[in-house]
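Here is a short briefing on a single protein model. Look over the sequence and the fold before reading on.

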Amino acid sequence: MKTNIPRRALLTATASSGAFLAFSSMGAAHGETPAISASNSAIGSEIAAIETKLGGDIYVSLLDTASGNSYGYRENERVLFCSTGKVLLVATILSQSIVNPDLLNRHVPIFKKDILAYAPFTSQFVGSTLTVSQLCESTLTMSDNTAANLLYKVCGGPRVVAKFVKSTGDRVTYVNRLEPDLNISRGKQDTTTASAFNLTLEAVTVGKALPSAQQNLLISWMKKNKTGDAQIRAGVLPSMIVADKTGASQEGHSHDVSIIWPASNGLSLVLSIFTKMEIPTNTALQKECIAKVANILASAYVAESLL
């Protein structure tokens with residue numbers, strides 16, 4: 001089900017409160033799953049307690065596409081997006097495939113000089129070629145950095161991705177550098193906010209930024225992600241379907257952004273969780289904290305929607 005939720009309205013609604021906006025079944029059409037109605041202070045207090053355990057900050061944005069309402073915690077604070085930005089890169093490629101239907105079948109040569117330290121898929125094909133589609137899939141399912149950089153080359157570079165992101169209505173997210181440099185803090189470069197990223201994620205997956213065929217490809221690759229099992233996927237109910245993309249840095253960032261289908265009616269939740277530890281020593285703890293935040297929000301949804 002495609003949604004058309006005004007970005008400006010949502011950004012304005014969550015800008016000052018960091019709270020649920022009276023999530024209730026009144027926001028859903030007849031026959032749709034009711035949206036969330038939860039205690040703002042209780043959820044905020046639970047996330048704050050998790051922050052204390054983490055020894056860092058947690059940035060959260062949740063969008064219920066049934067009602068258009070949202071929840072945020074530190075949702076307007078800037079954070080380095082790391083490899084979650086690969087969703088934006090692949091979405092850009094898919095947008096170009098609309099007018100260039102052969103793009104995904106184009107073969108890209110893989111040279112030894114292209115291989116970065118983290119290239120679990122592309123490193124196996126040095127001296128051969130991979131299709132743009134294969135590069136997209138390995139970028140999202142394995143977070144292959146070489147695949148990502150080759151896709152940047154295919155689409156025209158970070159500036160082209162930034163232009164596409166801006167076309168979705170996102171004036172907050174900055175896309176500036178290639179892998180692995182984009183994982184190093186440098187002012188506003190390659191940063192976003194949980195709220196801005198979540199709205200862009202909604203736009204490219206279940207919104208209006210891409211046609212259904214391209215959205216289905218993007219979602220199918222995110223559903224097959226192999227790096228997020230310990231994060232949002234671990235926090236939601238087993239019956240919930242998750243498509244996600246993770247990201248991390250050596251500076252203490254660990255993130256997971258997702259689309260979640262709580263039921264079979266086609267309605268979805270869009271959830272982005274970013275974290276930053278002051279002392280980056282325990283990535284397992286960060287993943288555990290992301291899972292706990294996801295569980296709090298998923299449980300609030302289930303409690304109200306009677307799934």
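This is a predicted model: local features need pLDDT of at least 70, side-chain atom pairs count only at pLDDT 80 or more; totals for chains, interfaces and linings use all residues.

Residues are numbered from 1 along each chain as its sequence is written, and side-chain values use heavy atoms, with hydrogens and water left out.

**Nonpolar cores**

- The largest nonpolar core holds 50 residues. Such a core is a set of buried Ala, Val, Leu, Ile, Met, Phe, Trp, Tyr and Cys residues joined through side-chain atoms within 4.5 Å.
- Buried means under 20% relative accessible area, exposed over 50%, and partly exposed in between (1.4 Å probe, protein chains only).
- Ile93 and Leu218 have the most contacts inside this largest core.
- Leu218 touches Val87, Val90, Ala91, Leu94, Leu140, Val204, Thr205 and Leu210, leaving aside residues up to four places away in sequence. Contact here means heavy atoms within 4.5 Å.
- Another core, of 29 residues, lies apart from the largest one. Ile47, Met240, Met277 and Leu285 are among its residues.

**Helix 5**

- Helices (H or I, at least four residues) and strands (E, at least two) are DSSP runs, numbered from the N terminus.
- The buried residues include Asn145, Asn149, Leu150, Tyr152 and Cys155.
- Among the elements covering them are helix 3 (86-96), strand 4 (107-109), helix 4 (132-141) and helix 6 (158-167).
- At the start of helix 5, a side-chain oxygen of Asp144 comes to within 3.0 Å of the backbone nitrogen of Thr146.
- Gly156 follows helix 5 and has a positive phi, near 115 degrees.

**Helix 8**

- Helix 8 (residues 212-223) has 12 residues. From first C-alpha to last it reaches 16 Å, close to the 16 Å expected at 1.5 Å a residue. The expected span is 1.5 Å times one less than the number of residues.
- Its buried residues are Gln214, Gln215, Leu218, Ile219, Trp221 and Met222. They cover an arc of only 160 degrees around the axis, which puts them on the same side of helix 8. The arc is that of the directions from the helix axis to the C-beta atoms.
- Ala213 and Asn216 are exposed on the other side of helix 8.
- The buried residues of helix 8 pack against helix 3, helix 4, helix 7 (194-205), helix 9 (232-235), strand 7 (241-248) and strand 8 (253-261).

**Ser97**

- Ser97 sits in the loop between helix 3 and strand 4. Ser97 is buried, at 7% relative accessible area.
- Its side chain makes a polar contact with the side chain of Gln214 (3.4 Å). A polar contact is a pair of N or O atoms within 3.5 Å; within protein, one must be able to donate a hydrogen and the other to accept it, and residues adjacent in sequence count only if both atoms are side-chain atoms.
- Ser97 also touches Leu103 and Leu104.

**Backbone details**

- A cis peptide bond joins Glu179 and Pro180, with omega about 0 degrees. Pro180 is in the loop between helix 6 and strand 6 (191-193).
- Arg74 has a positive phi, near 50 degrees. Arg74 is partly exposed, at 28% relative accessible area.
- Cys82 has a positive phi, near 55 degrees. Cys82 is buried, at 1% relative accessible area, in the loop between strand 3 and helix 3.
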